[in-house]
2 protein chains.
Amino acid sequence: MTVITSKDNPSVKLYVKLSVSKKERKKSGMYVLEGFRLITDAVNEKSLIKQIFFTEEAYEKYSSMLSQADLKEVKVLIISNELGIKISCTEKPQGVFAVCEMPPVKKLNDFIRKDGKYLVLHQLQDPGNLGMIIRTADAVGVDGVILSECCELYSPKVIRSTMGSVFRMNIFESTSTDELFSCFENNGISSYAAVIDSDAYDLRKCTFEGGCAVFIGNEGNGLPADIAGRCTVRATIRMSGHINSLNAAMAAGIFLWEMSGK
Amino acid sequence: MTVITSKDNPSVKLYVKLSVSKKERKKSGMYVLEGFRLITDAVNEKSLIKQIFFTEEAYEKYSSMLSQADLKEVKVLIISNELGIKISCTEKPQGVFAVCEMPPVKKLNDFIRKDGKYLVLHQLQDPGNLGMIIRTADAVGVDGVILSECCELYSPKVIRSTMGSVFRMNIFESTSTDELFSCFENNGISSYAAVIDSDAYDLRKCTFEGGCAVFIGNEGNGLPADIAGRCTVRATIRMSGHINSLNAAMAAGIFLWEMSGK
């Protein structure tokens, strides 16, 4: 196979553009993956991989571990080890990269079911937090994560922090909180606003019966009052310690843990 | 006041050394803080601040917000705005820096009490995780966090991620797991090993009665078998979802939440 050595190769150029530019990802509907484990997860979950790049070293080490059946529709390219180091975003590059197609946009009504458990993230801004929350939602087992005005799902940092959960989890990107609330209402889903307020309902006492959605807000500012006000219940993690706030991902994880255990 | 403009000023040199070198921190027993909020927290919690550096701009903005009484024993230095940018480790420097003395080393027996709730972190390696866990421990209210072979507590990244909880939380750096287990035994403290094992005891059923200590292991490898085996209970976060692991900080947070609620 030909070994690509130049950054000017059109496929490599596309990879680099997609790895650095949100605009490019949005325009093309594609995003990138780096690392063997992540790419294997994508393959196993039938995500739409278009291209895989192996460095020469990585090809020897990893390619036999991906079945030919899985790679039928995938264009496999070999790049030089040096080029692999250049296009990598990690400290210890494995030399495996992929270009992936985003899944088709779903309709909210097809996404929500009456007795489902959902997490809504509103204006969450930190990519590491977003990834960690999706990973936790996948682990504890909720039916879907809804993103409303959050940081970009398909940025490399978010994708990496999900540890592959992004391929398994049902994720919906909402563009209208009005639509969201009316869909919850139509399906009899109770909404819980996670707030920092000692007068709010104690999370430990929430029963989370039937269909439920928990709303988590921005890292610095929490949920806007109008969003919290539209929820069925305002719930709080009662702090017994010295500070009255938790990292947003931790708060989301504790709400997920409580909701999934009921 | 004289404005320091050079990186060669001995005080500035010390600050920079302490901010980049673990060895230097260990040797001197000092560490650094950056940012007004963090430094205010340190002052409020009576941490031993030796020096504060303000840039000229920051001095105008922040210095009046720290009381003279609090700053009695503190050497205050003014540095140029340019120098502030040079020595900063953040993207948006506020221009406030401090050199702090580490608290005196405690004895384990003075740290542990019979009915206390403790978290033991064993071989935790990620500074962001360590900081987030200390913050969570402070919020939910446990009696102490014990570090055993973890990444360095006083690195700027850990200190920053604790969001000030490092000054409030009881933290003990253990050098002997033998001593730890015998101290727990002598005090009738039950130890819980957090493991990923569907045969282990379900965390949701743990009662955490009386004195308790939860052990959390390394991000990649979890707890070593010999440590888990010495604990009274092997407990697990039963996953109902698709993956069988959580980020170590998230797992610690969920254990802390369960332990503090019982």
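How are α12(A) and α12(B) oriented to each other: roughly parallel or oblique? I started there.

**Ground rules.** This is a predicted model, where local features need pLDDT of at least 70, side-chain atom pairs count only at pLDDT 80 or more, and totals for chains, interfaces and linings use all residues. Residues are numbered from 1 along each chain as its sequence is written, while chains are lettered from A and ligands numbered from 1 in the order in which they are written.

**The helix pair.** I looked up helix α12 (residues 248-260) of chain A and helix α12 (residues 248-261) of chain B: their axes come within 10 Å and cross at roughly 55°. Axes here are lines fitted to C-alpha atoms, for helices over the stretch in contact, with angles from 0 to 180 degrees between N-to-C directions. Angles under 35 degrees count as roughly parallel, over 145 as roughly antiparallel, 65 to 115 as roughly perpendicular and the rest as oblique, so α12(A) and α12(B) are oblique to each other.

Next I checked who meets whom. M250(A), G253(A), I254(A) and W257(A) meet M250(B), G253(B), I254(B) and W257(B); contact means C-beta atoms, placed from the backbone, within 7 Å.

**The whole interface.** I found 24 residues from chain A and 23 residues from chain B in the contact. On the chain A side, α7 (127-140), α9 (165-168) and α12 each give two or more residues, and α7(A) has the largest share with six residues.

**Inside chain A.** I noted twelve helices and twelve strands; these are DSSP runs, helices being H or I of at least four residues and strands E of at least two, numbered from the N terminus. One open sheet has five strands in the order β1-β4-β3-β5-β2, with mixed pairing. Its edge strands are β1 (3-4) and β2 (30-34), each pairing on one side only. Strands pair if DSSP finds at least two bridges between them; β3 (residues 48-55) and β4 (residues 75-79) of chain A pair in the parallel sense over five bridges. One I looked up joins F54(A) to I78(A) in β4(A).

Last, the helices on that sheet. Helix α3 (residues 36-44) of chain A touches β2, β3 and β5, and its direction makes about 35° with that of β5(A). Helix α1 (residues 10-20) of chain A lies across β1, β2, β3, β4 and β5 (96-101), at about 95° to β2(A).

Terms used. Contact = placed C-beta atoms within 7 Å.
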